[in-house]
Amino acid sequence: MIDLTTLIAYVVIVLGFVFIPGPATLLTVARATSSGTRVGIATGAGIAAGDVIHTVTAIVGISAIIAASALLFSIIKYAGAAYLVYLGLRAILEKTPVDGLSGLVPISAATAFRQAVLTEVLNPKTALFFLAFLPQFLRPENGSAVIQLALLGAIFVLLGLVSTVAFAIGAGGLGNFLRRNPAVLKWQGKVVGSIYCALGLRLAMQDR
């Protein structure tokens, strides 16, 4: 088990991290605004699922391989960036019917979940974050390192999910208003797509 002092310090740091708007928040807000609260929450859940995968890979050491291999890091980084840009361009070019009464949902929650998982998994920066951040709170005297890492990762995933769900609910309510405004709806896809493209370019330009 993790001692209370270490646990409190960890939770405070993670809360500060997950509630500061970043790529995961922007993705969630963009989906919730364009497709509704349910899709926004599904996006947040997908990001959380991706973080679970990163936690597991950090524990088994795959993230260490990514950190050591410049080629593998670059491949994963550019694959993730390309996927984000692809989603962005598709949103920009897609013609959305402007009908304030249609209640049209551009994508399903299941699709949003799958896209969010893939986007998060293909972000090597997240893998390296888990590799570098979690071990700082390991204490040999507290027992198994694997159990400690699993618990720390689970806390991070849970708090991250709470954060994205909160942002999704807020953005989803705003999106309901925007979708009733034809003038705004006309440009909604372009704005959302631009966010995706910007996140993809940001990821592509990041150094190791």
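A residue is called buried under 20% relative accessible area, exposed over 50% and partly exposed in between, with a 1.4 Å probe and protein chains only. The structure is a predicted model, in which local features need pLDDT of at least 70 and side-chain atom pairs count only at pLDDT 80 or more, while totals for chains, interfaces and linings use all residues. Residues are numbered from 1 along each chain as its sequence is written, and side-chain values use heavy atoms, leaving out hydrogens and water.

L158 counts as exposed because its relative accessibility is 53%. Together with L15, F19 and V162, L158 forms a nonpolar surface patch of about 340 Å² accessible area. Such a patch joins nonpolar side chains (Val, Leu, Ile, Met, Phe, Trp, Tyr) within 5 Å, taken from residues with over 30% relative accessible area and no salt bridge, the latter being a side-chain nitrogen of Lys or Arg within 4 Å of a carboxyl oxygen of Asp or Glu. The areas come from the Shrake-Rupley method with a 1.4 Å probe.

Aromatic contacts come next. Three aromatic pairs are found in the whole structure, a pair being rings of Phe, Tyr or Trp (its six-membered ring) with centres within 6.5 Å; planes under 30 degrees apart are stacked, over 60 edge-to-face and the rest tilted. One of the pairs is Y10 with F137, which is edge-to-face because the planes stand at 75 degrees, with ring centres 4.9 Å apart. Y10 belongs to helix α1 (residues 4-18) and F137 to the loop between α7 (124-133) and α8, so the pair ties together parts 127 residues apart in sequence. Y10 is buried, at 0% relative accessibility, and F137 is buried as well, at 8%.

Another buried residue is K77, at 7% relative accessibility, in helix α5 (residues 70-93). The C-alpha atoms of K77 and G200 are 9.4 Å apart, although 123 residues separate the two along the chain.

One cavity of 30 Å³ or more is present; a cavity is a set of points on a 1 Å grid over the protein atoms alone where a 1.4 Å probe fits but cannot get out, and lining residues have an atom within 4 Å of a point. The largest cavity has a volume of about 70 Å³, the space filled by probe spheres set on the points. Its lining includes L27, R31, L87 and Y196. Helices α2 (23-35) and α6 (109-121) are the elements that give two or more residues to this lining, and α6 gives the most, with four.

Technical notes:
Patch = residues over 30% accessible without salt bridge, like charges linked within 9 Å, V, L, I, M, F, W, Y side chains within 5 Å. 1 Å grid on protein atoms, 1.4 Å probe; cavity = no way out; pocket = protein on both sides within 12 Å on 5 of 7 lines; lining within 4 Å.
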